[in-house]
Amino acid sequence: MNDIALTVQQTARPTGFPTADHFRFVESPVPEPRPGTAVVENVLWSVDPYHREMMDGDFALDAPLEGRTLGRVVASREPSLREGEIVFHRQGWRTHAVVTPDEVRRIPLHEGVTLTAYLSVLGGTGLTAYIGLTRIAELREGQDVFVSGAAGGVGTATGRFARLLGAGRLIGSAGTPEKVRHLTEQVGYDVAFDYHDGPVADLLAKAAPGGIDVFVDNVGGEHLGAAIGALRERGRVVRVGTISQYNTPAAPPVVFNHADVVEKRLRIEGFLVSDYREQQEELYEFAVPHLRSGALSLDETVVDGFERIVEAFLLMLRGGNTGKILVRAA
């Protein structure tokens with residue numbers, strides 16, 4: 001175990017896109033476990049779009065940042081937390097954390113499944129996609145699905161899960177031609193478009209001339225307005241996030257025909273994945289066999305070295321990742 005622990009703190013509230021100057025690394029001695037606790041040395045970190053939203057007020061300044069993390073127990077004064085065990089916890093942006101049993105979840109380490117999967121398709125990212133399709137959208141076989149931000153972590157997981165669940169036509173939007181190709185050549189989308197190529201409503205109409213049944217929205221803004229216009233009767237909108245506005249709080253409101261919601265009997269529902277943690281085992285039961293068989297692949301961008309976690313976060317905000325972005329201990 002290293003002698004020095006590193007922790008990332010937020011130092012100021014950003015206006016627009018954050019920069020490296022909004023963070024600092026703080027050194028301290030590696031903590032010792034208190035009775036009833038264990039020290040975890042972290043090995044994998046998740047950086048997520050919701051972190052940007054929390055920077056506006058939910059994260060305390062000059063305090064360690066939270067986040068989804070996997071770590072190995074390296075010292076324990078709690079019998080239920082054994083040294084060497086891999087656990088999940090949310091004391092994220094630090095190299096070492098002191099945890100209690102109720103602050104961790106044991107990782108089952110299914111045979112043949114790589115550790116990174118537990119922070120991507122088997123973690124909060126995958127659970128968001130799974131709940132969005134099965135509980136919120138109530139996706140039925142043969143139904144057509146449009147996903148915004150489709151090349152990100154939730155977007156790629158949604159596309160792969162939707163295909164496994166028997167969806168009909170899959171349409172995705174992304175921000176570069178390379179990501180568009182990844183969606184159609186690797187993830188299983190039938191068609192995808194670069195939203196920079198024109199009005200989203202026009203691009204969606206060309207990609208799905210017959211309309212859509214489900215819209216899984218990671219972006220908001222123009223995408224949301226376009227999808228409402230394209231939805232068929234009794235269509236569903238699953239609101240996951242609003243990436244388009246995290247760094248542009250003054251963005252104009254979504255424009256759409258409000259009568260469509262009534263006349264087409266649409267349902268628009270947002271959710272927080274934290275309300276569905278009890279479905280974690282169900283996600284394992286669904287996804288692990290597909291991972292083992294090769295029917296489900298991982299879409300991940302992995303950055304090596306905890307000292308690059310801020311860099312990875314800023315890269316993600318600028319759309320520099322494909323799939324789930326993770327930071328791995330060097």
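Which residue forms a salt bridge with R308, and how far apart are the closest N and O atoms? The partner is E311, and the closest N and O atoms are 2.9 Å apart. Before I go on, please keep in mind that this is a predicted model.

Let me stay with that pair for a moment. E311 has a relative accessible area of 44%, so E311 is partly exposed. R308 comes to 32% relative accessibility and therefore also counts as partly exposed.

On to the other salt bridges. The count is 19. One of them joins D62 to R24, with the closest N and O atoms 2.6 Å apart. D62 is in the loop between α1 (49–54) and β4 (69–76), while R24 is in strand β2, so this pair ties together parts that are 38 residues apart in sequence. D62 is partly exposed at 42% relative accessibility, and R24 is partly exposed at 36%.

Another salt bridge runs from R90 to E66, where the closest N and O atoms are 3.3 Å apart. Here too the pair links distant parts of the chain: R90 sits in the loop between β5 (86–89) and β6 (96–99), E66 in the loop between α1 and β4, and they are 24 residues apart. R90 has a relative accessible area of 27% and is partly exposed; E66, at 21%, counts as partly exposed. There is also a network of salt bridges, which links D48, R68 and K324.

Now the rings. There are twelve aromatic pairs. One of them is F23 with F313, an edge-to-face pair at 6.0 Å centre to centre, with 85° between the planes. F23 belongs to strand β2 (residues 23–29) and F313 to helix α10 (residues 309–317), so the pair ties together parts that are 290 residues apart in sequence. Both of these residues, F23 and F313, are buried. Ring pairs also bring in W93, giving a cluster of F23, W93 and F313.

Two arginines sit over rings as well. The charged end of R318 is over the ring of F17, 3.6 Å from its centre. The charged end of R105 is over the ring of F88, 4.4 Å from its centre.

Last, the inside. What lines it? The residues are S120, V121, T125, G153, T156, A157, D299 and K324. Helix α3 (residues 153–164) gives the most to this lining, with three residues. By type, the lining divides into two nonpolar, four polar and two charged residues.

Technical notes: Residues are numbered from 1 along each chain as its sequence is written. This is a predicted model: local features need pLDDT of at least 70, side-chain atom pairs count only at pLDDT 80 or more; totals for chains, interfaces and linings use all residues. Side-chain values use heavy atoms; hydrogens and water are left out. On a 1 Å grid over the protein atoms alone, a cavity is a set of points where a 1.4 Å probe fits but cannot get out, and a pocket is an open set with protein on both sides within 12 Å along at least five of seven lines; lining residues have an atom within 4 Å of a point. Helices (H or I, at least four residues) and strands (E, at least two) are DSSP runs, numbered from the N terminus. Ala, Val, Leu, Ile, Met, Phe, Trp, Tyr, Cys and Pro count as nonpolar, Asp, Glu, Lys and Arg as charged, and the others, Gly among them, as polar. Rings of Phe, Tyr and Trp (its six-membered ring) pair if their centres lie within 6.5 Å; planes under 30 degrees apart count as stacked, over 60 as edge-to-face and the rest as tilted. Buried means under 20% relative accessible area, exposed over 50%, partly exposed in between (1.4 Å probe, protein chains only). A charge sits over a ring if NZ of Lys or CZ of Arg is within 6 Å of the ring centre and within 35 degrees of the ring normal. A salt bridge is a side-chain nitrogen of Lys or Arg within 4 Å of a carboxyl oxygen of Asp or Glu.
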